[in-house]
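Keep the structure open alongside the text.

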Amino acid sequence: MSVQERKQRERAERERLIVATARELAEQQGWDAVTTRRLAERIEYSQPVLYSHFRGKREIIGAVALEGATEMAAVLRAATAAADGRRARVAALARAYLDFAAANPAVYDAMFQLDGGLAFAQESTPEQLKDAFAALLETLGEVAGEGVHPGVFTEVFWAALHGQATLTRAGRLPAEFVENRVELLVDRLAVV
C-alpha cells in the first residue's frame, strides 16, 4: 500500500469516526449537544482536524443524513422483499418507515428536519437521497392508481408517513394507534 493510499484510508476512517460519534452524541443528548468541541474531545482529535473533514456542524448533519438515507433505503427494501402481495408490501413499507424513524430519531432529524446543506428534489440531490426515494417509489408506484403520477403519489404517501412519524414522536398522536393509522393509510390511499 502506498503512502497516498494509507493517508486516504486514514482520512476516510477519521470521517467515519466523526460521523459515528456525532450520531451517537445526537441520539443520546440531541443535536444541540453536537459541537465541534465536544466531538473533538470524544474522538481525541483537535478541532482543526475536524474542520479539515467538515466545515462545521451543518456538513456533519448532512453526512449523517446521507448515511441514514442509505440505511433507510436498505430497511425499506428488505421489508418489502419479505412481504407477499401488493397490499402487504405497502403495509410493510409503511411499518418499516415508521419503525426506522422511531428507532433513529437523531438520524431522522438529520435527514428531514435539520439543515444539512443537502438539496432535495433537484438535479443536484445526492444519490443516497434519490435512492431512498426510489425505495419508496418501487413499492408505492405500483399502487398509485390509474391516471395518478407514481412520483406524486409517492410524495403524498411519504408526507403522510413523515407526518405520522414526527407527530407521534412529539406526543401529538397517541403511539398505541400507529398500526391503525398504517392500515387506514394503506386501505384509503393505495390501490391494492
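Is E138 buried, partly exposed or exposed? The model is predicted, and in it E138 has a relative accessibility of 41%, so E138 counts as partly exposed. The cut-offs behind this are under 20% for buried and over 50% for exposed.

E138 takes part in a salt bridge with R77, where the closest N and O atoms are 2.7 Å apart. R77 belongs to helix 4 and E138 to helix 7, and the pair links distant parts of the chain, 61 residues apart. R77 is also partly exposed, because its relative accessibility is 26%.

This pair belongs to a set of 17 salt bridges in the structure. Side chains of opposite charge can pair when their charged atoms come close. R89 and E142 form another salt bridge, at 3.0 Å from N to O. R89 is in helix 5 and E142 is in the loop between helix 7 and helix 8, so this bridge ties together parts that lie 53 residues apart in sequence. With a relative accessibility of 36%, E142 is partly exposed.

A further salt bridge joins R169 and D109, with an N to O distance of 2.6 Å. Here helix 8 supplies R169 and helix 6 supplies D109, so parts 60 residues apart in sequence are tied together.

The largest nonpolar core contains 55 residues, and W31, L76, Y97, L140 and F157 have the most contacts inside it. Among the elements that give two or more residues to this core are helix 1 (3-29), helix 5 (86-103) and helix 8 (150-169). Helix 4 gives the most, with 11 residues. Leaving aside residues up to four places away in sequence, L140 touches V90, L93, F153, T154 and F157.

A loop residue can also be followed. T125 sits in the loop between helix 6 and helix 7, and T125 is buried because its relative accessible area is 7%. Its side chain reaches the backbone nitrogen of Q122 at 2.9 Å. Beyond residues up to four places away in sequence, T125 touches A119, F120 and K130.

The last stop is the surface. V152, V156 and L189 make a nonpolar patch of about 220 Å² there. V152 is part of helix 8, and its relative accessible area of 42% makes V152 partly exposed.

Definitions and conventions: Residues numbered from 1 in each chain as written. Predicted model: local features only at pLDDT ≥ 70, side-chain atom pairs only at ≥ 80, totals over all residues. Heavy atoms only, no water. Core = buried A, V, L, I, M, F, W, Y, C linked by side-chain atoms within 4.5 Å. Buried < 20%, exposed > 50% of the residue type's maximum accessible area, 1.4 Å probe, protein only. Helix = DSSP H or I, 4+ residues; strand = E, 2+ residues; numbered from the N terminus. Contact = heavy atoms within 4.5 Å. Polar contact = N/O pair within 3.5 Å; in protein donor to acceptor, adjacent residues only side chain to side chain. Patch = residues over 30% accessible without salt bridge, like charges linked within 9 Å, V, L, I, M, F, W, Y side chains within 5 Å. Areas by Shrake-Rupley, 256 points an atom, 1.4 Å probe, with all protein chains shown as cover. Salt bridge = Lys/Arg side-chain N within 4 Å of Asp/Glu carboxyl O.
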